[in-house]
Amino acid sequence: MNALYDTRQVRRAFSRAAPGYAAAARLQHAVEARLLEMLDYRDDPALQRTQPQVVVDLGCGPGRAAAAMQRRWPKARVLALDLALPMLRESRSNSNPWRLFARRPQAVCADARALPLAENSVDVLFSNLCLQWVEDLDAVFAGFRRVLKPQGLLLLSTFGPDTLWELREAFARADDTPHVSPFADIAGFGDALMRAGFHQPVLDREVETSTYPDLAALMRELRELGATNALSARRHTLTGRARFAAAERAYDALRSGDGTLPATWETITAMAW
């Protein structure tokens, strides 16, 4: 059976996007900040939890969250994992120590579906907006469960099915080739966590709308983020002018009163032990 996603295309797209990703990733930074705030629960003195020894930022991108967690837990070994090597190069440049001889996150090029980590070795596994590129949540969550210690913390975010529904419908009017990924809903995400053996899952959902002057501006931002079409069933040639024009006409019907085009982003966050 053919895989839903072309992993090589995911790697290529994020490798190309690496130099400008941090400047374009406004939504990604906002979701990352919400996940980092959730770490306050783990460190609540009333829970009397020990300081983590090994912390993983999976799909770390330019490494902002890995650096933040290294500052939070200076003695911890923080691993910044990403599929795209150029992203890891960016993470190294963003991990300059805030004081001389301070510990830095360690960059590791790895696939979320096959973590090169020992069983029961990780205290905190953090992953911001990475899992939407993974087809088999059951398998990847089983891998997370394998590497986490007993009572280890899992903090995740992903995109939900309402994400970019406007773009999906606009291109559906233009041709019969998929242009937007089919994202898991919050119930499916939570059920997969439970099946993998995680307990006390807490999930939340938020919907935000960004606006663009035209379809070309939205597509340009998606390229800057590396969020291009990586479906195996995608068209492997450039979208022709006629198909793009048809999608533009369909999207134009959604213009707001101020003349801008809306784009919906549904984000799902999860915390589990």
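**Sheet and cores in a predicted model**

User: Where does helix H8 sit in this structure?
Analyst: In this predicted model, helix H8 (residues 215-225) lies across S6 and S7. Its direction is at about 30° to S7.

User: How do you know that S6 and strand S7 pair?
Analyst: Two strands count as paired if DSSP finds at least two bridges between them. Here 11 bridges join S6 to strand S7 (residues 261-272), so the two are paired. They run antiparallel, and Thr 211 stands opposite Pro 262 in S7.

User: What is the order of the strands in the open sheet?
Analyst: The seven strands follow the order S3-S2-S1-S4-S5-S7-S6, and the pairing is mixed. From one strand to the next, the twist averages 15°.

User: Why are strand S3 and strand S6 called edge strands?
Analyst: Because strand S3 (106-109) and strand S6 (202-212) each pair on one side only, they are the edge strands.

User: What makes the largest nonpolar core a core, and which residues have the most contacts inside it?
Analyst: A core is a set of buried nonpolar residues joined through side-chain atoms within 4.5 Å. The largest one has 30 residues, and Leu 125, Phe 141, Phe 144 and Phe 198 have the most contacts inside it. Helix H5 gives the largest share, five residues.

User: Which residues is Phe 144 in contact with, leaving aside its neighbours within four places in sequence?
Analyst: Happy to list them: Leu 58, Ala 112, Leu 115, Leu 125, Leu 131, Leu 154, Leu 156 and Phe 198.

User: How many residues are in the other core?
Analyst: That core, apart from the largest one, has 23 residues, among them Leu 27, Leu 129, Phe 171 and Tyr 251.

Key
Residues are numbered from 1 along each chain as its sequence is written. This is a predicted model: local features need pLDDT of at least 70, side-chain atom pairs count only at pLDDT 80 or more; totals for chains, interfaces and linings use all residues. Side-chain values use heavy atoms; hydrogens and water are left out. Helices (H or I, at least four residues) and strands (E, at least two) are DSSP runs, numbered from the N terminus. Axes are lines fitted to C-alpha atoms, for helices over the stretch in contact, and angles run from 0 to 180 degrees between N-to-C directions. Contact means heavy atoms within 4.5 Å. Buried means under 20% relative accessible area, exposed over 50%, partly exposed in between (1.4 Å probe, protein chains only).
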